[in-house]
Amino acid sequence: MFRSLLALVFAAFWLTGCGGMRLVESDVRSYATPPLVPPGASYRFERLLSQQADVARQTRLEAMTQQALAKVGLQRNDAVARYSVQVSAAMKVTPYAPWDQPAPGWGLGWNLGLGVHSGNVLLMGNTGWPGFGMGESPYYWRQVSLIIRNLSTAQVVYETHATHDGRWADSEAVIPAMLDAALKGFPNPPPGVRRINIEIPR
């Protein structure tokens with residue numbers, strides 16, 4: 001039984017290591033109101049006062065958003081913008097996933113837990129065997145939000161939010177995928193919460 005378990009663990013790690021892509025799963029909710037934003041419309045970014053406190057961080061976020069907006073046909077033009085775009089991102093980190101609990105002892109002086117989430121195979125627990133225990137793995141919750149406003153009427157014409165949770169630590173890769181998910185269906189998205197999956201390189 002022990003050999004079978006070890007074979008399962010190592011096979012799972014081998015399979016995930018061989019994959020060239022990973023999946024970023026986001027729960028998306030979007031709202032739109034007529035008149036819909038037309039293709040090729042121009043926009044500029046607007047920042048809240050709180051966002052101006054960390055200019056470098058907000059500039060990076062807006063650069064990611066600009067790429068995502070270009071994919072749905074919007075073009076940044078600060079001089080003749082018809083719309084404004086306000087983008088924000090939030091992240092929370094916990095030492096481990098909500099469902100992670102110490103595995104019951106097996107009477108051999110070590111605990112082993114095996115879990116799968118968002119394409120990751122996770123080995124957790126305490127062991128006296130060198131190289132076998134991997135300890136706790138941080139867990140990340142992220143949200144991105146976009147608000148598009150018609151500058152001539154000051155009306156919000158599009159609002160969208162995407163949330164993602166998982167063990168990926170590299171926000172520079174995950175957030176662009178979340179922005180692409182948040183803009184799925186633009187400018188006339190379906191109602192309700194949608195699960196949007198975006199593949200990105202490992």
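# Questions about a predicted fold

Analyst: In this predicted model, residues 24 or more positions apart account for 76% of the contacts with a separation of 6 or more.

User: What makes two residues count as a contact here?

Analyst: Their heavy atoms must lie within 4.5 Å.

User: How many helices and strands does the protein have, and in what pattern do they follow each other?

Analyst: There are three helices and nine strands. Read along the sequence, they give α-β-β-α-β-β-β-β-β-β-α-β.

User: What is the strand order in the open sheet?

Analyst: Seven strands line up as S3-S2-S4-S7-S8-S1-S9, and the pairing is mixed.

User: What makes S3 and S9 edge strands?

Analyst: Each of them pairs on one side only. S3 covers residues 75-76. Helix H2, residues 55-71, packs on this sheet and touches S2, S3, S4 and S7. The direction of H2 makes about 115 degrees with that of S4.

User: Why do S2 and S3 count as paired?

Analyst: A pair needs at least two bridges. S2 and S3 are joined by two bridges, so they meet the cut-off. The two strands run parallel. Ser-42 has Gln-75 in S3 as its bridge partner.

User: How do you know that S2 and S4 pair, and in which sense, parallel or antiparallel?

Analyst: Three bridges link S2 (residues 42-45) to S4 (residues 83-94). The cut-off is at least two, so these strands count as paired. The sense is parallel. Arg-44 stands opposite Ser-84 in S4.

User: What about S4 and S7: how many bridges join them?

Analyst: S4 and S7 (residues 139-150) share 12 bridges. Lys-92 stands opposite Trp-141 in S7.

User: Why is His-164 called buried?

Analyst: Its relative accessible area is 1%. Buried means under 20%, so His-164 qualifies. This residue lies in strand S8, residues 155-166.

User: Which residues touch His-164, leaving aside its neighbours within four places in sequence?

Analyst: Val-24, Glu-25, Ser-26, Tyr-140, Trp-141, Arg-142, Val-174 and Met-178 are in contact with His-164.

User: What makes the approach of Glu-25 to His-164 a polar contact?

Analyst: The backbone oxygen of Glu-25 lies 2.6 Å from a polar atom of the His-164 side chain. The limit is within 3.5 Å, so this distance meets it.

User: What is noted about the phi of Ala-154, and where does Ala-154 lie?

Analyst: Phi is near 65 degrees, a positive value in a residue other than glycine. Ala-154 is found in the loop between S7 and S8.

Methods: Residues numbered from 1 in each chain as written. Predicted model: local features only at pLDDT ≥ 70, side-chain atom pairs only at ≥ 80, totals over all residues. Heavy atoms only, no water. Helix = DSSP H or I, 4+ residues; strand = E, 2+ residues; numbered from the N terminus. Buried < 20%, exposed > 50% of the residue type's maximum accessible area, 1.4 Å probe, protein only. Polar contact = N/O pair within 3.5 Å; in protein donor to acceptor, adjacent residues only side chain to side chain. Axes fitted to C-alpha atoms, helices over the stretch in contact; angles between N-to-C directions.
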